[in-house]
Amino acid sequence: MRKILLIIQREYLSRVKKKSFILMTLLTPLIIAGFYGLIIYFSIQGAKGTFNKIAVVSNNKTLTEKLTSGNNTSYVYVNETLETLKPSIRKSGFDYILYLPEFSLDKPAGIQLLGAKQAGLTLNNRVEEDIENIIRTQKLKESGIAQEKLDKLKSSVSIDNKKIDENGKDEDSSAGATMIIGTASGILMFMFILIYGIQVMRGVIEEKTSRIIEVMISSVKPFQLMMGKIIGIALVGLTQFILWIVLTTAISTIAAKMFVDKAPVQQKTMITAQLKAGTKMNQESSNPIAYVQKSLSNLNLTKIISVFLFFFIGGYFFYSALYAAIGSAVDSETETQQFMMPVMMPLLVGYALSLSVITNDPYGSIAFWLSMIPFTSPIAMMVRLPYGVPDWQLALSMVLLIFGFIGTVWVASRIYRVGILMYGKKTSFKEMIKWFAYRN
Amino acid sequence: MLSVKNIVKQYATHRALDDVSLEVEQGKIFGLLGPNGAGKTSLIRIITQITAPDSGEVLFNGKRLSAEHINQIGYLPEERGLYKKMEIGEQVLYLAKLKGLSTPEATKRVKFWFEKLEMGSWWSKKVEDLSKGMQQKVQFVATVLHQPELIILDEPFSGFDPVNAEVIKNEILELNKQGATFIFSTHRMESVEELCDSIALIHRSKKIMDGSVLDIKNKYRNNTYWVEYEGVYDTDVSTELFEVLYRDIQAEKIVLKVKLRAGKTINQLLYALLPTVNIHRLDEVIPTMNDIFIDQVKTKI
């Protein structure tokens, strides 16, 4: 036991101390936070827009209703003609001139928006919308509808997406966010298993090619060496994962705070409201932050993270044992190709099917079996989880995975103990089966 | 201290060890000899418990070999290496701790050995920055650091320059004086003559000879002598007394290598020569281990 701890310690420290590990661990949250920041930034920019001061030159006697200034535009009615104002537009302090000629309310035509700069599509649309609004208001008034009645006509609708669980209680859900979370954690699982599984293989090959293996094996059992390496590297993966979560949360919280503090007061209230996520806002679909935030708060993140950790450890053990066996059978990394395929295949198939079939039909029988078979369950279960998985299925899948990795560790250790002492021989699958059968 | 009894080890199509038995005495340096592929490494791997025999047993101080003996054995394999990216000091410490030493004890001993073998400045160097000879020294230290009772060295001098080979040889002799038993696996016979008390010769998976170096050499004396003289002797007498294997004439002197015929003695030889020649030198030809090794391996083919 002391020996295995020593091996774990070495495998862990030698990797955690590496510059590449430190760099990866620190940079990734910064990149994530950077993206997060960008999204927040653009959503604020989008809400804020640029402020435009527009001079309204109206020759229209029919349209009596006046344009009212909004958040990003102010309309000022001027008593000048288009001809006198045009030359002085750059000095006048106005950004644009809105020219309203005489037209019938049924057929508004000849409206112009002039400026030193070409008006953007957003501004153009907003001005069009504002004019349409006042025309409609005036028409309604003319048909004899009172102002209060008009106000009452306006209503705001927002649909709450709810899912009913087995106990008949409804819970909030959001189809889009569920898919995003499921897919993201599936991809993350795939990457983690692959990256750290291959690290195990590399470690074994390194010990073989540097010829330290025989020295090691005279002090410790091959099984201890293999497990020490697998566990040590698992801890490296967990360290990275936990640091990513902690750092990403910390950086995004700080970043979000900074953005919110900087924003002008009126937007500030809006953004904080959005960030609080509880509020049902109409712009939900157009505001990604609020949307993701809200959806995240609806999903059980603690559960997702803890299930992720379990399936990461289980799936990693399952595959890394196989990678250790491959590493023991070859003399250099270039020879690993033929053995990598059969190990990679189920992982890739699980990955591809999870992202296509499961996201389309998360409760179907393919989804069920993919999330039960240990070869694919770590990825498939993560993709399924946000949609809701019955507890018994989750438990069964976990138990199967535990048996699965005990199985692969056992098979791998039998190949490993022979493989690490074989040099300079091209290994075949037949050979590996023979090694497996060796008594000692 | 170590008895190997009737060991058989079979790999798929190849019998690596066939009923091999040998005794290594406490405090001795034992040479395990044999051509490449004879089965030496297989035997060593069984003694170091890397593999297990198919049948037969190994006794360590009278007890059947088990996990408790791992820390009492130090093994320097022929295929040896170190972790390339690890610092030397840390690496030796790690290997020592794997052999059961506590951290402070291990640190103390590593410092002692590094000082002794003038490796003090290597502590925080990486293995990849060391020459092959320097790495060998590090590996030697790692092998003996935990003061094992039995030290197994497989080709320990390969890769050493003559100066460092001498340093290591002296360390081996000193450790031996302090009571450590050694098993040497090598095919460099001159180091066997210098160091080993007894040997076993393994060839084609079988032990074909063993015993103390002195006994074996005596056994292989075959009444052959170098004779250096001036003058002429009676050839009639000589032909029934000895056979001339080699003759060289150097100015006035003649050098002969002669083999006495069965039943004849050195006195008879002298008696026959003395009346007519002046003898300058007369030595017995004692076979070197190298000769015996080659002779044995060739005749068994």
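Me: What makes A:R202 and A:E333 a salt bridge?

Reply: The closest N and O atoms of A:R202 and A:E333 are 2.8 Å apart, and the pair links distant parts of the chain, 131 residues apart, with A:R202 in helix 7 (residues 175–209) of chain A and A:E333 in the loop between helix 12 (301–329) and helix 13 (337–360) of chain A. A salt bridge is a side-chain nitrogen of Lys or Arg within 4 Å of a carboxyl oxygen of Asp or Glu, and therefore the pair at 2.8 Å qualifies. This is a predicted model, in which local features need pLDDT of at least 70 and side-chain atom pairs count only at pLDDT 80 or more, while totals for chains, interfaces and linings use all residues. Residues are numbered from 1 along each chain as its sequence is written, chains are lettered from A and ligands numbered from 1 in the order in which they are written, and side-chain values use heavy atoms, with hydrogens and water left out.

Me: How many salt bridges are found over all chains, and how many of them lie across the interface of chain B and chain A?

Reply: A search of the whole structure gives 29, and the rule finds three across the interface of chain B and chain A. One salt bridge between these chains joins the side chains of B:E90 and A:K17, with N to O at 3.7 Å. Side chains of opposite charge can pair when their charged atoms come close.

Me: What shows that chain B and chain A touch each other?

Reply: With contact meaning heavy atoms within 4.5 Å, 29 residues of chain B are in contact with 26 residues of chain A. The area buried between them is about 2,600 Å², and carbon and sulfur atoms give 56% of it; this is the accessible area (1.4 Å probe) that two parts lose on being put together, summed over both. B:E79, B:Y83 and B:L98 supply 26% of the area that chain B buries against chain A, more than any other three residues.

Me: How many residue pairs are in polar contact between chain B and chain A, and which element of chain B gives the most to the side that touches chain A?

Reply: The count is eleven residue pairs, both residues being at pLDDT 80 or more. Strand 1 (2–11), helix 1 (40–47) and helix 2 (88–98) of chain B each supply at least two residues of that side, and helix 2 of chain B gives the most, with six residues. A polar contact is a pair of N or O atoms within 3.5 Å; within protein, one must be able to donate a hydrogen and the other to accept it, and residues adjacent in sequence count only if both atoms are side-chain atoms.

Me: Why are strand 6 and strand 10 of chain B said to stand at the edges?

Reply: The open sheet of six strands in chain B has the order 6-7-8-3-9-10, with mixed pairing. Strand 6 (73–76) and strand 10 (206–212) of chain B each have a single partner strand, so one side of each is left without a neighbour in the sheet. The twist averages 15 degrees from one strand to the next. Strands (E, at least two residues) and helices (H or I, at least four) are DSSP runs, numbered from the N terminus.

How values were computed
Two strands pair if DSSP finds at least two bridges between them. Axes are lines fitted to C-alpha atoms, for helices over the stretch in contact, and angles run from 0 to 180 degrees between N-to-C directions.
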